[in-house]
Amino acid sequence: MMKRLIRLAAVAAGVAAVLAGAAWAVASAPPPDAGPGRLALPDGGVVAVERVTSAARPRHAMPGMGTDADPVAEGERRVSIDVTLRASADQPLAYAVDRFSLQVPGAIARKPHRSVLPGTRLPAGTQLSGTLIFDVPVEATTGVLVYDGGGNTEVVLPPEAAGTPASHETGPAGHGPAGHSGPTAASPAATEK
């Protein structure tokens, strides 16, 4: 009887050790691999790169409209990166535009010059599309979009637009031509406050 009790205790201790190891592995797991054109966020959400566009230099449509109050520095150009933030099905997503950066080879990491990405929180199971605008060196052809504390993904930076921005676009993750403009509005639940 005593031998059986000792074996049972040993088996129970082994099962408890396996369960503790599994719990530790789940709790300490890095953010999920978001895949090409996607980056994982610390709260379990994902950012999908929908399109990368070379922004045309500012021009006024009508003569006499005044001067440009937002010039691009000499030797640089502007690119816009259309993104969609997706909260996981079971957890809201907190985000901040100033935690995004674009790392370009041979240059310092750049924070967004401007953005169209309202709010700071998405309810669980919702998504929001927006745009991050960066100033990059004229010769830059690639970059890495990074979210501080989260993941990163490489993007291809199209050449500077000579005419309309639509003529120089790349599709998801900056790969290949864009066949559509991608999502442009948030799901109704994502705009709730």
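Student: How many salt bridges does a search of the whole structure find?

Tutor: The search turns up 4. Keep in mind that this is a predicted model.

Student: Okay, take Glu50 and Arg86. What makes that pair a salt bridge?

Tutor: The closest N and O atoms of Glu50 and Arg86 are 3.7 Å apart. The cut-off is 4 Å between a side-chain nitrogen of Lys or Arg and a carboxyl oxygen of Asp or Glu, so at 3.7 Å the pair counts as a salt bridge. Glu50 sits in strand 2 and Arg86 in strand 3, so the bridge ties together parts that are 36 residues apart in sequence.

Student: What about Glu76 and Arg110: what makes them a salt bridge?

Tutor: Their side chains meet with N to O at 2.8 Å, which is within the 4 Å limit. This pair links distant parts of the chain, with Glu76 in strand 3 and Arg110 in the loop between strand 5 and strand 6 (114-116), 34 residues apart.

Student: Is Glu76 buried or exposed, and how do you know?

Tutor: Glu76 has a relative accessible area of 17%, and since the limit for buried is under 20%, Glu76 is buried. Arg110 gets the label buried too, because it is at 15%.

Student: Which residue does Asp135 pair with, and what makes it a salt bridge?

Tutor: Its partner is Arg78, with the closest N and O atoms 2.6 Å apart, again within 4 Å. Asp135 is in strand 8 and Arg78 in strand 3, so the two ends of the bridge are 57 residues apart in sequence. Asp135 and Arg78 are both buried.

Student: On to rings. How many aromatic pairs does the structure hold?

Tutor: There is 1. The partners are Phe100 and Tyr147.

Student: What makes Thr131 buried?

Tutor: Thr131 has a relative accessible area of 18%; the line is drawn at under 20%, so Thr131 is buried. You'll find Thr131 in strand 8.

Student: And what joins the side chains of Thr131 and Asp82?

Tutor: A polar contact of 2.8 Å, and the N or O atoms of such a pair have to be within 3.5 Å. Leaving out residues up to four places away in sequence, Thr131 also touches others, including Ser80, Arg114 and Val116.

Student: Where does Thr126 lie, and why is it called buried?

Tutor: Thr126 is in the loop between strand 7 (121-122) and strand 8. Its relative accessible area is 8%, so against the under-20% limit it is buried. Its C-alpha atom is separated by 7.7 Å from that of Ala89, 37 residues away along the chain.

Student: Which residues have the most contacts inside the largest nonpolar core?

Tutor: Ile81, Leu85, Leu102, Phe134, Val136, Leu145 and Leu157 do, in a core of 26 residues. Strands 2 (46-55), 3 (76-86), 5 (100-103), 8 (127-137) and 9 (142-147) each supply at least two of the core residues. Skipping neighbours within four places in sequence, Ile81 is in contact with residues that include Val49, Leu102, Phe134 and Leu145.

Technical notes: Residues are numbered from 1 along each chain as its sequence is written. This is a predicted model: local features need pLDDT of at least 70, side-chain atom pairs count only at pLDDT 80 or more; totals for chains, interfaces and linings use all residues. Side-chain values use heavy atoms; hydrogens and water are left out. A nonpolar core is a set of buried Ala, Val, Leu, Ile, Met, Phe, Trp, Tyr and Cys residues joined through side-chain atoms within 4.5 Å. Buried means under 20% relative accessible area, exposed over 50%, partly exposed in between (1.4 Å probe, protein chains only). Helices (H or I, at least four residues) and strands (E, at least two) are DSSP runs, numbered from the N terminus. Contact means heavy atoms within 4.5 Å. A polar contact is a pair of N or O atoms within 3.5 Å; within protein, one must be able to donate a hydrogen and the other to accept it, and residues adjacent in sequence count only if both atoms are side-chain atoms. Rings of Phe, Tyr and Trp (its six-membered ring) pair if their centres lie within 6.5 Å; planes under 30 degrees apart count as stacked, over 60 as edge-to-face and the rest as tilted.
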